[in-house]
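Student: Hi! Could you walk me through this one?
Tutor: Happy to. Let's look at it together.

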Amino acid sequence: MEYGKNNKVVVDDVQMEFVERRKVPRSEKDQGKKQGDKVEVLKSITLNIYEGEFVCILGPSGCGKSTLLKIIAGFIQPTSGVITIDGHRVTGPRPNNIFVFQEGGLFPWLTVYENVALGIRHLATEEEKQERVYEYLEMVDLLGFENHYPHMLSGGMKQRAEIARALAVKPEILYMDEPFSGLDFLTRLHLREELINMHLYIQKTILFVTHDIDEAIQLADRLIVLSDRPSEVKMNYEIKEAHPRDINTGELRSIRQQLYLSLGVHYTL
Amino acid sequence: MGENSRLCKFFSFAQVGISGHRTRVTIKNVASPSKICPLIIFLLMLVIWEITSMVGMYDSGTLPPPSRVIKAFSELASNGILLRYSVASLFRVTVGFYLAVFLGMSIGVLLGVWQRGCQMFHALIQFLRPISPLAWIPFALLWFGIGDGSAIFLIFLSSFFPMLFSTIVAVKNIPRLYFQTGANFGFTKAEFFKLVIFPAILPEVVTAMRISLGVAWLVVVAAEMIAVKSGLGYLIIDSRNALRMDYVIVAMITIGVIGLTIDKVISQLQKPGFVRWKFEKK
């Protein structure tokens, strides 16, 4: 797929430090760190993300992928560095770039319909709202569940409802932080497929954080691999292969092997 | 009550064991013995009570038999005292409780959101909370005199602190995720209150309301014994002074029945969908 190579998101030399809040450090790597010490998470991240690209951010557990995504989305301020979207500096979350959380981002006290309508509550007429909500509920195959509350839905349906809520806004960028990690294997595969189709259809920029190598290879137009903490961009790899992809053949197979190795596991166990 | 339900459980388990199903439906089907057995126990108690009194095992002045109580009940019901006093008690509870819910929730939300304020007032709230509302009776009488005012004040105190405390805790326990989602969708401050904070705390608030109302109904009896000259609490203390223990029992039964009814009514608040998510979590 060819994109007009317009820079959509530019991440310029972003660094992030956290203050250790635990008395006993979280991992072995941080042995000797005391409460109040600085823990460096991101060490100079620089990225260009093009308009309409599906970018997967991969990395070992705890490397700061979610942190990076939250910084780009404006939920966290970086220690230093600048994020710009369309040339404008990011200072906080914005309604035209929607974040899909790991799990449970739906408001449990609202029905599916009301949840999806959250982002479009400023639309002029009820009819317009209704039309939009149903359009996206249909897209994620949730028609008939609009009056259900989230706790009545399965995990996969909840995740789809949240994606519908995000898409209903017609966002320019979609941030997804391991959105499928809490789901069972088959549901995950289905949702991946749906996400690919949706991306082909709406052509919006998607930033997708995952620790699942196969998922990343299946989804991404571009793979960004972060190193262990303090993390840097270790690989920045464009995948040109068209969908549907067979990740066990050809170029994808070698990328896959390479990724397994670079993340410190053997491809064949 | 606890004893009853345990017995009933035994009954239904026995039935379930035979049919081999443990589904909800089966348990509902065997509901008939579990509905009859508490009734039998009640009746049995009344019969024993009546008989022991009849054979003169104790002075019927210190514990009047059921027949006397029924007579007393019809007396109090026909001369309108029972209704008047029940309404008086319910009125005080209603006013005091509404005040407590309204103020407790508003201040609770404010302190839940405003962290520094919460830190400042935390010690004071924690200090006042364990003081029984009944300990305030002298001040209630001094400030409001004998009458509705002091009774309402005492009921207010009994419900205010549980409401306040639960609301603060509930606001603080709202997951950050919901605020982030709100921020992402560009919520205004008012929208955060309307779409996040208020609905998120509602299940806890409803539970706290249920508990506080129970406590309020306990406190009204005590308050009326001292602070007013009407109400079911007053009926008890007044009848005791006249050594009409049958009236005392009538008042006690009325208090019990009304208390049960109130709880049934307020438990309906836990039913609608916008709070049920909390009670039905998988």
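Tutor: Let's start with a pair: A:Ile98 stands opposite A:Leu174 in β7(A). Strands here are DSSP runs of E, at least two residues, and helices are runs of H or I, at least four, numbered from the N terminus. This is a predicted model, where local features need pLDDT of at least 70, side-chain atom pairs count only at pLDDT 80 or more, and totals for chains, interfaces and linings use all residues. Residues are numbered from 1 along each chain as its sequence is written, with chains lettered from A and ligands numbered from 1 in the order in which they are written.

Student: How many bridges join β6(A) to β7 of chain A?
Tutor: Four, and the two strands run parallel. Strands pair if DSSP finds at least two bridges between them.

Student: Which strands sit at the edge?
Tutor: β6 (97–100) and β10 (233–238) of chain A, each pairing on one side only. The open sheet has six strands, in the order β6-β7-β8-β3-β9-β10 (chain A), with mixed pairing.

Student: New topic: where is A:Asp141?
Tutor: In the loop between α3 (126–139) and α4 (155–168) of chain A.

Student: Is A:Asp141 buried, exposed or partly exposed?
Tutor: A:Asp141 is partly exposed, because it has 13 C-beta neighbours inside 10 Å. Buried takes 20 or more other C-beta atoms within 10 Å, exposed 12 or fewer, and partly exposed lies in between, with C-beta atoms placed from the backbone.
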